[in-house]
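Please keep the sequence and the 3D view open while reading.

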Amino acid sequence: MNRPARVAFITGATGQDGSYLAELLLGKGYVVHGLVAGGSGPTNRVAGVHYHTGDLADGTNFEALLWDTRPAELYHLAAQSHVQLSFEIPVYTADVTGLGTLRWLEAIRNHRDRTGDNIRFYQASSSEMFGKVSETPQTELTPFHPRSPYACAKVFAYWQTINHREAYNLFACNGILFNHESPRRGETFVTRKITRAAARIKVGLQQTLKLGNLEARRDWGFAGDYVEAMWLMLQQDQPDDFVIATGETHSVREFLEATFNSLNLDWQNHVELDQQFLRPSEVDLLRGDASKARESFGWTPKVGFRDLVRIMVEADLLLARRELQIQTLVPETV
Ligand code: F7E
């Protein structure tokens, strides 16, 4: 007799990570449910996922969703995740990114009291929590010094996750993920902003790219590798917290150079510095040490910096060529 399929629930299911994770879990035979915000468009929808509507700032239907879908694992990836935007809407960010996590943890706790189901919970914690770093590389033991409303909200959610583990014995884990990118990355994050613009410049669709701080350094990995670590965390015997990173750091300037060089372009002819992209307080340097994840469940990243740039440039070049074709077929006067 066939065993019933495991059920997973993903919040932020149409985001970059949500879509890669959904594909991974469907491939493993899971039934996958996804939460999307009411206004979300069809971007990154994955065939086979059952989508539901919900709002992290509300949460009143979370228990009903758990009751209806009965997941064994819940991956909480949804957030207001843009760091610079969080300076403009700090209260909304605290509500959605911070309290939103607590709303899910409480829904899971109440659901367990009602049904006995022990849903395993993954919290999308962030390297932004390290902020003004006190040591490099950063590990699970490095103190936090958040530098944005977004990072403050993530620190709150991180501790709330641990508190639910300690106080109520929930199987709740923090994945402290360093920056992770892909062709599905939102276009306002710096890597995608750069690869998208460079590809459009290459085909003649734009001339300039406006950026902020080029000296910031990040530990950039590939999102497809990182969702595997999320799943592995929830398969362990004990809940715990893990850094997920490549261990390498590169500046925005290096990402820029690698991207433009790969297209035989000189970035200095196209990039303008624009004050509007500078942040009131910046995170200068991130580099993670993922030894604990490697030793605990054998996770290592497969895609390195150069391959990441190549994958993103290739995808954005296809997109730019398609855009050009459409512009040629549909003259502006129509
Ligand atoms: O900025 C600099 C900017 O917005 C990276 C989120 O997924 O990863 C992400 O946060 C760096 C910063 O990512 C522009 O000042 C320069 O130093 O791509 P980003 P982020 O802030 O590191 C972490 C792990 C998360 O958890 C977050 O949710 O690039 N930078 N010029 C710029 N950044 C942007 N966005 N746009 C620029 O024009």
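## A loop residue with positive phi

R70 sits in the loop that runs between α2 (62-69) and β4 (73-76). In this predicted model, R70 has a positive phi of about 50°, although R70 is not a glycine.

## Helix α4 and its end

Helix α4, made of 26 residues and covering residues 90-115, reaches 36 Å from its first C-alpha to its last, which is close to the 38 Å expected at 1.5 Å a residue. Even so, α4 contains a kink of about 40°, and that kink is centred on L99. Just after α4 comes G116, which takes a positive phi of about 85°.

## The shell around the ligand

Which residues come nearest to the ligand? Of the 24 residues around the ligand, those that come nearest are S81, S126, Y150, R279 and E282. Sorted by class, the shell holds 9 nonpolar, 8 polar and 7 charged residues.

The shell is drawn from two domains, with at least three residues coming from domain 1 (7-182 + 220-244) and at least three from domain 2 (190-217 + 250-285 + 304-329). Among the secondary-structure elements, α6 (190-202) and β8 (209-211) each supply at least two residues of this shell.

## Polar contacts and burial

Y150, one of the residues that come nearest to the ligand, places a polar side-chain atom 2.6 Å from an oxygen atom of the ligand. In the side chain of R218, an N or O atom is 2.8 Å from an oxygen atom of the ligand, while for E128 the distance between a polar side-chain atom and a ligand oxygen atom is 3.5 Å.

How much of the ligand's exposed area does the protein bury? Taken alone, the ligand exposes 700 Å², and the protein buries 97% of that area.

Methods. Residues numbered from 1 in each chain as written. Predicted model: local features only at pLDDT ≥ 70, side-chain atom pairs only at ≥ 80, totals over all residues. Heavy atoms only, no water. Near = heavy atom within 4 Å. Polar contact = N/O pair within 3.5 Å; in protein donor to acceptor, adjacent residues only side chain to side chain. Areas by Shrake-Rupley, 256 points an atom, 1.4 Å probe, with all protein chains shown as cover. Helix = DSSP H or I, 4+ residues; strand = E, 2+ residues; numbered from the N terminus. Nonpolar A, V, L, I, M, F, W, Y, C, P; charged D, E, K, R; others polar. Domains from an automatic or database assignment. Expected span 1.5 Å × (residues − 1). Bend = angle between axes of the 7 residues up to and from the residue.
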